[in-house]
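Please look over the sequence and the model shown here before reading on. The paragraphs that follow begin at a single residue and then widen to the chain.

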Amino acid sequence: MNIRILTVGKLKEKAYLSLCDEYVKRLSAFGTVTLTELPEARLPDDPSQAQIDAALADEAARIRKLIPSGAFVTALCVEGKELSSPELAEKVAGVQNANMCFLIGGSNGLDEGLKREANLRLSFSRMTFPHHLFRVMLLEQVYRAFMINAGKKYHK
């Protein structure tokens, strides 16, 4: 399995970096994990909606160039479908082409067109999380899904 995570924004916090590294290491038992950070589009301090939309479109264009051909694309967004960990494990098990790509937006989220193009729009909650923390949460849940599918005792 090839797992690609495309995220807008650079992760700087050592604690989050350490946790991400740990889950990437654990996931490497199941396949190749690639984390790619894209710079967030620059906006003025008080941007208009048109400026935000243009920035999201720019980020989306850069994201699209990095999505592997034929990958099962999951856009992480608050309006997405909420799944339990076992339900996410079923989705992971059902990926036929062995290529998964997860998209995490920056502070303004993801472009609407990019979300519509995804195979799955996934939400972890209706709450808002910092996108840096969310990266850790995503890696942990993907790892949990693989452990569930492998019949391991990690999931309780």
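**From one residue to the whole chain**

Leaving aside residues up to four places away in sequence, Ile 63 touches Leu 6, Val 8, Leu 38, Leu 103, Leu 110 and Leu 114, where contact means heavy atoms within 4.5 Å. This is a predicted model, in which local features need pLDDT of at least 70 and side-chain atom pairs count only at pLDDT 80 or more, while totals for chains, interfaces and linings use all residues. Residues are numbered from 1 along each chain as its sequence is written, and side-chain values use heavy atoms, with hydrogens and water left out.

Ile 63 has its place in helix α2, residues 49-64; helices (H or I, at least four residues) and strands (E, at least two) are DSSP runs, numbered from the N terminus. With a relative accessible area of 1%, Ile 63 is buried, a term that means under 20% relative accessible area, as against over 50% for exposed and partly exposed in between (1.4 Å probe, protein chains only). Although Ile 63 and Leu 6 are 57 residues apart along the chain, their C-alpha atoms are separated by 7.0 Å.

The axes of α3 (residues 85-93) and α5 (residues 131-149) come within 8 Å and cross at roughly 75°, the axes being lines fitted to C-alpha atoms, for helices over the stretch in contact, with angles from 0 to 180 degrees between N-to-C directions. That makes α3 roughly perpendicular to α5, a class that covers 65 to 115 degrees, whereas under 35 counts as roughly parallel, over 145 as roughly antiparallel and the rest as oblique. In this contact, residues of α3 including Leu 88 and Val 92 meet residues of α5 including Phe 146 and Ile 148.

Helix α5 itself has 19 residues and reaches 27 Å from its first C-alpha to its last, close to the 27 Å expected at 1.5 Å a residue, the expected span being 1.5 Å times one less than the number of residues. Because 15 of its 19 residues are buried, α5 is largely enclosed by the rest of the structure. Gly 151, whose phi is positive, near 75°, follows α5.

Taken as a whole, the chain has five helices and five strands, which run β-α-β-α-β-α-β-α-β-α from the N terminus on. Buried residues make up 42% of its 156 residues, and of the contacts with a separation of 6 or more, 85% come from residues 24 or more positions apart.
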